[in-house]
Amino acid sequence: MSEATIELDSNTAAAPKPKCSNVNNNNSARSSRVGSASSGADSVADCQRFGWCGWNPAWLQHFCTAKWALFWLCWGGALQGLIVNGLINVSISTIERRFGLRSRQMGLVASGYDLASFACLVPVTYYGGRRGASKPRFIAIGLIVMGMGSLVFLLPNFLVGNYRATIAEANVCEPAGVASNSSHSMTACELNEMGEGQGESLTWTVWLFLAAQLLHGAGASPLFTLGVTYIDENVSKKMSSVYLGIYYTMATVGPAIGYVFGGQLLLIYTDWMTVDPVQLSLTSDSKVWIGAWWLGFIFAAAMCLLVALPIFGYPKLLPGAEKLQLERVSEAHATISEADDSNKVVRGLPRAVLSLLANPTFFFLNLAGATEGLVIAGFAAFLPKQIENQFSISPMYSALVMGLITVPAGGGGTFLGGYLVKKWNLACRGIIKMCLLATTVAALFTISFLVSCPNPKFAGVTTGYRMQTSSDFPALVASCNSNCGCSRTNYDPICGVDGVMYYSPCYAGCTQEEHSDSLKRYHNCSCIAHVGWVEEGSPFPETSYLRPDATNRKCDSTCQTLPLFVALCFILMVFTFLATMPALSATLRCVQDDQRSFALGLQWIKVRLLGTIPAPLIFGALIDESCILWQESCDKNAGGACLVYDNFYISRYMWLLALICKLGSVVFFACAWWFYVPPSRSSNANGKEDVN
């Protein structure tokens with residue numbers, strides 16, 4: 001809450017003030033007009049220069065404009081999206097497999113960001129919005145804290161040993177009677193007891209990931225509260241929606257860059273500095289491949305520090321901003337505006353909260369933001385994982401699909417929303433109506449999540465061995481492998497020539513293993529329909545090789561519905577993000593000017609408490625409910641990552657969540673539109689502004 005809300009009497013106006021103390025650093029021009037005489041013009045000009053620690057040469061003042069401030073703030077917003085909604089979300093499934101975590105646990109990690117933002121929003125917006133406070137300084141410190149969070153997030157990679165994709169050198173079937181004391185037949189747990197394996201529980205890493213997310217949330221909290229009001233108060237009312245549209249567009253493009261960048265890093269083996277994956281006969285097509293998920297966080301941390309430096313140099317108020325503030329006309333809810341007509345505004349934090357809660361339009365816009373936040377946060381965290389498992393594609397390809405959807409749909413929708421508000425010159429009522437229409441269309445396109453693929457064939461899990469039917473799933477042990485002594489802790493999936501995945505070469509009954517560059521081939525597999533040693537057709541006989549029964553790559557998906565899903569999801573995302581920028585503009589316009597910073601903070605508290613904090617927990621729990629085969633861990637209480645999901649249930653759960661949230665948003669936007677009472681002087685029947 002800004003101290004500009006305190007009434008200034010004549011004594012205050014006449015009292016001498018320290019240098020820069022009379023700079024109005026918030027959106028209320030009217031509450032600070034008294035005492036803004038020309039006698040303070042010189043000190044104000046001194047405080048509106050770009051520089052650091054008193055060093056502000058003339059050539060640096062070329063950067064002291066709203067456009068350059070927007071440029072650096074856009075980088076800050078993009079970095080937040082790149083880290084939290086890009087790099088982390090694209091790495092969730094990889095991190096789960098690497099550290100044996102469940103979606104519920106990663107949901108807790110994802111919620112840590114919003115928990116910290118929730119805790120920091122009140123102090124950041126209240127103290128950062130006070131007159132005399134430097135919003136750029138709050139934002140720059142936040143970026144440094146966010147960079148520290150990225151460094152903490154990658155620590156688990158270096159605090160545990162090297163990842164070993166396969167525990168045994170040859171995980172093949174060794175019939176009873178064969179010496180079973182060799183390291184080839186030992187389980188992961190037995191090797192771990194000897195200090196040679198990595199079957200130990202790594203669930204403690206959850207708390208380190210959570211701590212990193214808390215730092216991310218605390219550091220990002222000023223970006224979309226103080227950053228938004230800093231832009232809004234330094235540009236004209238007409239251009240505010242355009243500037244904010246660009247700002248939020250970059251914040252939306254950030255995750256897309258994170259998806260693509262993080263996905264490409266997953267093609268690099270996680271221990272590339274010490275281990276050559278070719279020697280392990282591993283490629284990125286293998287189900288046990290773990291990419292270098294941690295590399296991107298080093299780059300992100302460095303960028304946070306670099307972007308924080310110029311933002312530190314910006315003044316509390318840009319040159320010319322005071323004149324723009326004096327020209328503003330309030331569009332606050334009529335009952336609130338009339339009550340405060342004499343500029344006798346509320347004092348203190350509790351009364352400020354009650355004043356905002358008494359505004360019905362603001363209240364319902366908050367609820368709409370919460371339902372939108374729930375669905376956006378949930379899908380941002382787990383949609384890459386759903387695409388990966390639903391359509392049987394690699395994490396890298398899944399990240400690429402998400403990036404291709406998010407860049408044009410999310411970024412374009414956000415910018416288009418801000419542009420349409422300006423082009424149509426919409427007043428607050430018209431903006432809310434636009435949000436209502438866009439959300440209604442988005443609700444219709446939630447059918448995109450009903451597009452699914454049949455479960456991939458996985459022997460003993462989704463289909464019987466040798467295609468036999470069975471109602472007792474999962475049942476990995478069958479007559480063809482019952483004498484092999486296989487261990488479920490040795491997960492090493494292979495693809496048979498019959499197009500079926502097998503838990504390991506041992507469970508497929510394979511007795512021979514052959515290495516060829518980055519590929520492992522298996523022969524004499526009793527559980528796979530007999531193929532025999534047949535030369536594959538080749539015009540060059542010298543390059544022919546004997547066809548194996550199975551390889552250590554995953555089977556190709558025969559489902560062709562991914563393009564349809566991408567098309568429908570693209571439309572859904574366009575209309576979802578089309579409403580985000582107008583909803584923000586409506587929130588800023590329906591409250592008093594001097595309450596904008598605090599109103600945004602209060603709104604984000606509601607959005608996080610009711611939406612983005614529980615979202616990853618809800619989505620993670622439902623995804624876990626869709627699991628039909630869990631990884632077995634040496635520690636029975638440690639859980640483990642899911643190995644196979646039921647595609648039917650995971651798609652239905654996601655669709656129901658999306659539909660319920662979107663219908664809630666439609667209802668809340670409709671209520672916000674219905675209860676809004678515009679000041680008669682600021683809008684006409686068409687929702688257009690009469691007074692600028």
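**Figure 1. Salt bridges across the predicted model.** A search of the whole structure, which is a predicted model, finds six salt bridges. For context, the protein has 22 helices and seven strands. Buried residues make up 57% of its 692 residues. Among contacts with a separation of 6 or more, 79% are between residues 24 or more positions apart.

**Figure 2. Salt bridge between Arg97 and Glu388.** The closest N and O atoms of Arg97 and Glu388 are 3.4 Å apart. Arg97 belongs to helix 3 (residues 66–99) and Glu388 to helix 15 (residues 360–390), so the pair ties together parts that are 291 residues apart in sequence. The two partners fall into separate accessibility classes: Arg97 has 24% relative accessibility and therefore counts as partly exposed, whereas Glu388, at 10%, counts as buried.

**Figure 3. Salt bridge between Arg104 and Asp624, with Glu625.** The side chains of Arg104 and Asp624 meet in a salt bridge with an N to O distance of 3.3 Å. Arg104 is in helix 4 (residues 103–128) and Asp624 in helix 21 (residues 614–625), so this pair links distant parts of the chain, 520 residues apart. Arg104 counts as partly exposed because its relative accessibility is 37%. Asp624 has a relative accessible area of 3% and is therefore buried. A network of salt bridges links Arg104, Asp624 and Glu625.

**Figure 4. Salt bridge between Arg608 and Asp114.** In this salt bridge the closest N and O atoms are 3.6 Å apart. Arg608 comes from helix 20 (residues 596–612) and Asp114 from helix 4, so parts that are 494 residues apart in sequence are tied together by the pair. Arg608 and Asp114 are both buried.

**Figure 5. Packing of helix 16 against helix 19.** Two packed helices are described by the angle between their axes and the distance between the axes. Helix 16 (residues 395–423) and helix 19 (residues 580–589) pack at an angle of about 45 degrees, and their axes are 7 Å apart. On the helix 16 side the contact involves Thr414, Gly417, Gly418 and Val421; on the helix 19 side, Thr580, Met581, Pro582 and Arg589. By type, the residues of this contact are three nonpolar, four polar and one charged.

**Figure 6. Burial of helix 19.** Helix 19 is mostly covered, with nine of its ten residues buried. The buried residues include Met581, Pro582 and Arg589, which also take part in the contact with helix 16. Also buried in helix 19 are Ala583, Leu584, Ser585, Ala586, Thr587 and Leu588.

Figure 7. Strands of a sheet pair through backbone hydrogen bonds, either parallel or antiparallel. Here five strands form an open sheet in the order 2-1-5-4-3, and the pairing is antiparallel. Strand 2 (501–502) and strand 3 (510–516) stand at the edges with a single partner strand each, so one side of each has no neighbour in the sheet.

**Figure 8. Pairing of strand 1 with strand 2.** Strand 1 (residues 494–496) and strand 2 pair in the antiparallel sense over two bridges. Cys495 stands opposite Met501 in strand 2.

Definitions and conventions
Residues numbered from 1 in each chain as written. Predicted model: local features only at pLDDT ≥ 70, side-chain atom pairs only at ≥ 80, totals over all residues. Heavy atoms only, no water. Axes fitted to C-alpha atoms, helices over the stretch in contact; angles between N-to-C directions. Helix = DSSP H or I, 4+ residues; strand = E, 2+ residues; numbered from the N terminus. Contact = heavy atoms within 4.5 Å. Nonpolar A, V, L, I, M, F, W, Y, C, P; charged D, E, K, R; others polar. Pairing = 2+ DSSP bridges. Salt bridge = Lys/Arg side-chain N within 4 Å of Asp/Glu carboxyl O. Buried < 20%, exposed > 50% of the residue type's maximum accessible area, 1.4 Å probe, protein only.
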